[in-house]
Structure formats: structure tokens, C-alpha cells
Amino acid sequence: MGKPQAMQEPTFLIMTALAGGAQHGYGIMTDVARISEGGVKLRAGTLYAALDRLRGDGLVEIDREEIVEGRLRRYYRLTRSGAQVLADEADRMRANASVATRRLKGLATGLAGGAS
Amino acid sequence: MSGSDGLERSYRRLLAWYPADHRRVHGEEMIAVLLAATPPGRRRPSIADTLDLIKGGLQTRTRSGRSDGLDTGWGDTLAVASIAVPALLLIYFAMWLWVGPLQSASTFVVLLFTALPPVLALLRYRRTATLICLVPVLFLGFLAAQFMAHSTWISGQVAGLFLAFLVMALAIARSPGPARGLRVMNGWTWAAVCAIGLAVVIREATVGRLYVQPGVRPGPGWWIIPLGVAATAAALALLRTLPGPVGKRLLVLLAIPAYPSLVSIVAGGYAATPLHRMIYLPTLAILGVAAVRASRSPRWSRS
């Protein structure tokens, strides 16, 4: 099996939302908006497509189901392997950000030197 | 009709873009989420929500072969296999306690190697569960190789058990696990699995016993008719009780370990022609395809 592909932002944010504990669909949508500071607005179709795939891959599972005001509410949680994949992705992003930061510092120094 | 009723009906119409299986599992849940996310006073779905649902529905319909939810994809098939295959093996090995080749402590060891993996997987020790499955795989693989190299006798039993443990290892390693399988299965699915197990047990306890008697090599006989009828009924029951393509795919997986036994029965236990010595090739090819399909299921999802 080849190297895993980088996770796309909505998937990363959904898993990050679930890293805080089991949540239902609408809870995930609002949490993703909060985590991304309004930058990502998930819609139901996108959310459930992502949840289906994450469940199929064993990264997310159903925690419990409730009926609230006559409506089905299904809670999802990260699996152990889901938490590991999220941790790996966070490490990868951190490493990339670190390289970017270091190079930007070098670029800023170079620009400052060129300007003087 | 109130505004919220009209809105709900509009959302339900949009969910028609999704496959029926998906709607059955997620429909009510999605309606609840859509209504909760709609600003008060809105009477119709927004254009953005409409396009998002159409896109999601089309993606779900065209994502055949990928694991995506309760009803579709190899994820659920392997999840069901991760509990159904050990269940079948347990029924089969339980027979050995009173009839069969191993009426000794060995039977309990085999039972342990069969029962432990799904239990460990349920307790989330998936890696350990897979490794335990691989112990009988290696042992039986060695035995099968010995038969292939040094004997004209082909053992459908050894080959079948080798492949059954291999399927079980694959299912436990690559699926969402037995807990998911238990959720997908219902009482009738269990009845079908038990019927398959009992059909094999009855065959082994009657005709199969003759093979261990010196000089007796019964070919296919009358018993193959009720066995075939029982197997067909159980297969139809699996198709009817498992959602979406899960039933069909489970039958493909179960055919992998069943195939060598069938060849062995037809050949009367002997490799009458060189073709019979190729007993593993078709079934290994199917297993290879299944493994490739499972491994292509992306570890990291892309949305």
C-alpha cells in the first residue's frame, strides 16, 4: 500500500471536532465552523459523504443514537485508528508548517538585507 | 401545510438523489440535521444546500466499491465476514468434539484460535487478533504446501481452512470490525450463517467420515442434492437479509474457502488430473482481487 494521501481540510476538521468527544451531525457542523473560525461551513451532503467514508475506513464509528423531539440524532466518535490517523496528520501539518515558518524567516532576512 | 412541513418535504425530495439504501440508513438523521441548520423563517432549501445534496447524492451513487456507510462497500462486507467466518468455523470445529479427525485437546486449541480473534477485535485489540489468525494460516499453509509437493491427495479441508483463516485475518485487519458486523447482521442473517455451518457439519459427519476409512473414497452422491439446496437457500437468505451489495460480496468471500472443498468432493479426494492440483489458483485469485480492493480503500479519506 502506498503512502497515504494528505487529508483534505473538511475531513481533518470533522475528525478534529470528534477528537473532542462524540457529537451528532449538527454538532459537528457547528463545531467545524467554530474550529475554522467560520472559514469552513460544512453542509449536510458534504458532512455525510465524509462521515460515510470515514466510517467505511474504520476511522469513525457510531457512538449512540437518540430520539430528540421525534427526530433521530446519531452520535459519532473517533475510533482508535481514527485518533492515530488524525495525530499523524497533525504531525505532518506541523512539520510542513515548521519548514514554511523557517523558510519565511530566511526570506524575510534576505529581503531585509536586500533592502538595506 | 406549515412552512417547516414544506421545507422538510423539499429536503426529502432532494434526498431522492441518494440511493435508497443510503436514505434508509441516514435519511431521517440528515433531515434532522438539515432542518436544524436552516435559519428560521426559510421555506425552501437554499441553492447552496440544494447543490450540496445533489452533489452528495451523485457522489454516493457513483462511489461503487468504496466503503461508505452501513450498506455499501467492502468495509461492511468484511465487517460481517469478520464475525460470520469465525462463527462458521466454530460450528465446524465444534463438530470435531464428537466426530472428525481431532477428538482431543487439539480441538480446543483450534477452537481457541478461532474464537479469540473476533473477541479481541471486539475489545479493540485488532492487531493482536490479526496476528492470532495468522498462526493457523501459516500452519495450514505449510500443510497445504506439503500436500501439493509430496502427495497426490488433495485436501479440500486443509485448503478450505487455510483460506477461511486467511479471509478471517483479512476481514479483521481491514474492516471496521466485528462490532460493525454485528450491527449490520440481523437474526435472519445469523440463521442463514448457522444453516450453512450445519449443512457443512452434516455433510462432514456423514459422508465426510467415510474418507478417513482406508480404501473408501466415495464420490459425489445423493447427499449433494440436499446440501446444494440448503446452501442455495442460505445464500438467498444472506442476499435478502444483508443490505445493498453486502450479501453478494459476502457470498464471494465465503466461496473462497468453499471452493477447494467442492473441487475435492468432485474429485473424490484425489488429484485425478493435474488440473485438480491447481486447486488453490482460482480461489487465491479471488482472494487477491478482494485484498487489492480492500487495500485500495483509502486510509485517509478525501472529501
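The questions below cover the model's scores, chain A and parts of chain B.

User: What ipTM does the model score?
Analyst: This is a predicted model, and it comes with two overall scores. The pTM is 0.54. The ipTM is 0.82.

User: In what order do helices and strands follow one another in chain A?
Analyst: Chain A has four helices and three strands. Read along the sequence, these elements form the pattern α-β-α-α-β-β-α.

User: How many bridges join strand 2 of chain A to strand 3 of chain A?
Analyst: Strand 2 of chain A covers residues 60-68, and the two strands run antiparallel. I67(A) stands opposite L72(A) in strand 3 of chain A. The number of bridges joining strand 2 to strand 3 is eight.

User: Which residue takes a positive phi in the hairpin of strand 2 and strand 3 of chain A?
Analyst: This hairpin has two residues between its strands. The positive phi is near 50 degrees, and the residue that takes it is E69(A).

User: Which residue in strand 3 of chain A is the bridge partner of H24(A)?
Analyst: Strand 1 of chain A, residues 23-24, pairs with strand 3 of chain A, residues 71-78. The pairing is antiparallel and has two bridges. In strand 3, the partner of H24(A) is Y75(A).

User: What share of the residues in chain A is buried?
Analyst: A residue counts as buried when its relative accessible area is under 20%. Chain A has 116 residues, and the buried share is 41%.

User: How many residues of helix 7 of chain B are buried?
Analyst: Helix 7 of chain B runs over residues 156-174 and reaches 26 Å from its first C-alpha to its last, close to the 27 Å expected. The helix is mostly covered. Of its 19 residues, the number buried is 15.

User: What is the pLDDT over residues 64-72 of chain B?
Analyst: The mean pLDDT of chain B is 76, and 71% of its residues reach 70 or more. Over residues 297-303 of chain B the pLDDT is below 50. For residues 64-72 of chain B, the model has 40 contacts beyond four places in sequence, while pLDDT stays under 50.

How values were computed. Residues numbered from 1 in each chain as written. Chains lettered and ligands numbered in written order. Predicted model: local features only at pLDDT ≥ 70, side-chain atom pairs only at ≥ 80, totals over all residues. Heavy atoms only, no water. Expected span 1.5 Å × (residues − 1). Buried < 20%, exposed > 50% of the residue type's maximum accessible area, 1.4 Å probe, protein only. Pairing = 2+ DSSP bridges. pLDDT = per-residue confidence, 0-100. Contact = heavy atoms within 4.5 Å.
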